[in-house]
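Morning, everyone. Please bring up the model on your screens. I'll start with a contact between chains and then go to local details.

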Amino acid sequence: MQNILHLDPLDFPNAVEAVVAGRPLVHCMTNDVVQEITADVLLAAGASPAMVITREESADFCRLADALLINVGTLTPERFQAMVLAVQTAGQCNKPWVLDPVAAGPLPWRNARIEEFLTFRPSVIRANASEILALAGLSKGGHGVDSLDDSADAIEAACALAQQFECTVAVTGPTDFVTDGKRLYAIEGGHKMATLVVGTGCSLSALVAAFCAVLSDRTLATAAALQLAKKAQERARAASRGPGSFHPAYLDALYELSFTEHRHDR
Amino acid sequence: MQNILHLDPLDFPNAVEAVVAGRPLVHCMTNDVVQEITADVLLAAGASPAMVITREESADFCRLADALLINVGTLTPERFQAMVLAVQTAGQCNKPWVLDPVAAGPLPWRNARIEEFLTFRPSVIRANASEILALAGLSKGGHGVDSLDDSADAIEAACALAQQFECTVAVTGPTDFVTDGKRLYAIEGGHKMATLVVGTGCSLSALVAAFCAVLSDRTLATAAALQLAKKAQERARAASRGPGSFHPAYLDALYELSFTEHRHDR
Amino acid sequence: MQNILHLDPLDFPNAVEAVVAGRPLVHCMTNDVVQEITADVLLAAGASPAMVITREESADFCRLADALLINVGTLTPERFQAMVLAVQTAGQCNKPWVLDPVAAGPLPWRNARIEEFLTFRPSVIRANASEILALAGLSKGGHGVDSLDDSADAIEAACALAQQFECTVAVTGPTDFVTDGKRLYAIEGGHKMATLVVGTGCSLSALVAAFCAVLSDRTLATAAALQLAKKAQERARAASRGPGSFHPAYLDALYELSFTEHRHDR
């Protein structure tokens, strides 16, 4: 693997502005727990979320959307069928779609469904280190939905996955890593308080989908989305007392960074 | 259409007090994304929410409730069946029920389900301009769940719908309009920050259901519910930095307006 | 019934520390409305939540978890099947599981499902007074999901249930009561503002599951979990203006009590 890259000073504000200007419609097929925060994160960053979940509509709606999010957190057979129809449509329409393989590793039925999703070639896989290691066959997964592995330990696995499936892979953690198998970006910063607010991880995948909808370089788009989240986490920590007040402060920070302040970064 | 009316100075506090005094039980059959904010909005305004969603119970529970909310946001065939049983019960028991036709327009399966709901004669239809225009056959709908049309452009369509289905129709947006086909109320104020918080629209329909449970004039009840939300949005904006802090501030404002301050408006 | 007991001064900080030290993984099978606050409450108290809901995975995941929560709030036949598989696994593995019989009483289908759950012997039943009275066959239940009965009125019923099913029973309300049929603990304090925030009740049951995962005396564990919530409610009330700001303040308070301040209580 090559040297570790960081985002160019202009890449970040340009990407954030592109989302606000493009207001991409993100079709979210995600788990039951994080629906609200996922929608709120997208809105705060200037994107437009829509949750359409049934197989009668998922392909039709994916055609209208600019990007698709697939998160397997509370997967059921019915949801899986609807998701496959959307994923196939995304492929046919050449729309970016992001796979969030929540809790990959210890559950056989889930692993088999995730493998099916991988055959449809996601544009981006966004996961924690334990999940990425599980996808690469190197680990038995984390502690429920939380990672027990450090993000740096999953770089090699992420790179192998990116090459195998010709996609972008993001491993998020204390430091985030994004790779397409050739380039490797590191995104530092953030705050661990985010790990005490449910959905801050899952909603990253939605943010990545929004950025991929407006930028053709999906690896750069993914790195910029994660950078936005890291910066927002730092502001939120400064403005909060604990995980309860961190949640609204994180949304406020995403909004400020997206709608006003990034314009001064240049 | 007649002149545009505004709520009488006493109508608003009387309506708000009637909700607090009556504590109506609102049976919410709504989408997966907005369940929490819908319940929290009802509680803050003095109503009692309950989500009962399966066909084994939806008719039984509707019999116990004071009003019913039907929101098609994440509709599935199973949820639809359960909703129809509740709607039929509401009709038999002469209980008010509100239809929120989320994303009406671009999705054929959804449109067909919404048309079935319309045959059961909702007491109130609450939607954004794009959805109302779609229901009236005049538009291809909005941008996912967000309106691309101005609320004023949908007044005519709202009036036509109200006459056709003998119900109250509310078009919400920068200015809200409420009509029964004869009277037309306008409700001004509010704040656009609400559009960056998921569920502020959907929960309006729940609030309308609560007000219709305690007031026999459903058009007046609907206008008063929307007035409460507009006033709460204004307060929330003054007390918040962005969409994250707007959400709790909106609930606080609904609570203050409902439980204490409206009493001083007289 | 014996005298009313209160927690020993050291029991509470010891229990809270045991959760933080053990970081128990709580398998939550709960209703659609309270998924987020349930996860956030567990995270703020140092536990690790995971929602796995389908019958293809519920038994497998229960084997990995340290405790199980069953909440029947938005029960469907499919969810019920998946829950039964998890409950059977909890029994086989001798893992604690908590039953939250939301809205027990007025709905025949729900009552029949709750009776089936009771045959699997929950470790703890956590409910409001109306629900406990309904379970004991003494009442027709509450006002939707809210209790119409005072918690003290349900002490006798709670004691009878605890003896019949050889479990711990918690009746929560202005004062909480916890009994195993022999001992009876009372937990005072808290604030009624919590009743205006959806999920503060349901998430208590998740908190009880977390405490039972790390303490062998489940009655003491349950009382300590409820004590934590009461203390957090008092702090949240002092730091909030209404139910909107109460929600993040409650999570902040749980976090502060769990991660820092209880250590000074000794």
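A salt bridge here is a side-chain nitrogen of Lys or Arg within 4 Å of a carboxyl oxygen of Asp or Glu. Keep in mind that this is a predicted model. C:R79 and A:D32 form such a salt bridge, with their closest N and O atoms 3.1 Å apart. Between chain C and chain A the count is 3 salt bridges. Polar contacts there come to 7 residue pairs, both partners at pLDDT 80 or more.

Which elements of chain C touch chain A? Helix 2 (35-44), strand 3 (48-50), helix 3 (58-64) and helix 10 (243-259) each supply at least two residues. Helix 2 of chain C gives the largest share, 6 residues. By class, this side of chain C has 14 nonpolar, 3 polar and 10 charged residues.

Now the area. Chain C and chain A bury about 2,500 Å² between them, and carbon and sulfur atoms give 59% of that. C:E36, C:L43 and C:E57 supply 23% of what chain C buries against chain A, more than any other three residues.

Next, backbone angles. A:A103 sits in the loop between strand 4 (97-100) and helix 5 (108-119) of chain A. B:E166 sits between helix 7 (155-165) and strand 7 (168-172) of chain B. Buried or exposed? A:A103 is buried, at 5% relative accessible area. B:E166 is exposed, at 65%.

Last, helix 9 of chain A. A:D217 caps its N-terminal end, with a side-chain oxygen 3.1 Å from the backbone nitrogen of A:T219.

Notes
Residues are numbered from 1 along each chain as its sequence is written. Chains are lettered from A and ligands numbered from 1 in the order in which they are written. This is a predicted model: local features need pLDDT of at least 70, side-chain atom pairs count only at pLDDT 80 or more; totals for chains, interfaces and linings use all residues. Side-chain values use heavy atoms; hydrogens and water are left out. A polar contact is a pair of N or O atoms within 3.5 Å; within protein, one must be able to donate a hydrogen and the other to accept it, and residues adjacent in sequence count only if both atoms are side-chain atoms. Helices (H or I, at least four residues) and strands (E, at least two) are DSSP runs, numbered from the N terminus. Buried means under 20% relative accessible area, exposed over 50%, partly exposed in between (1.4 Å probe, protein chains only). Buried area is the accessible area (1.4 Å probe) that two parts lose on being put together, summed over both. Ala, Val, Leu, Ile, Met, Phe, Trp, Tyr, Cys and Pro count as nonpolar, Asp, Glu, Lys and Arg as charged, and the others, Gly among them, as polar.
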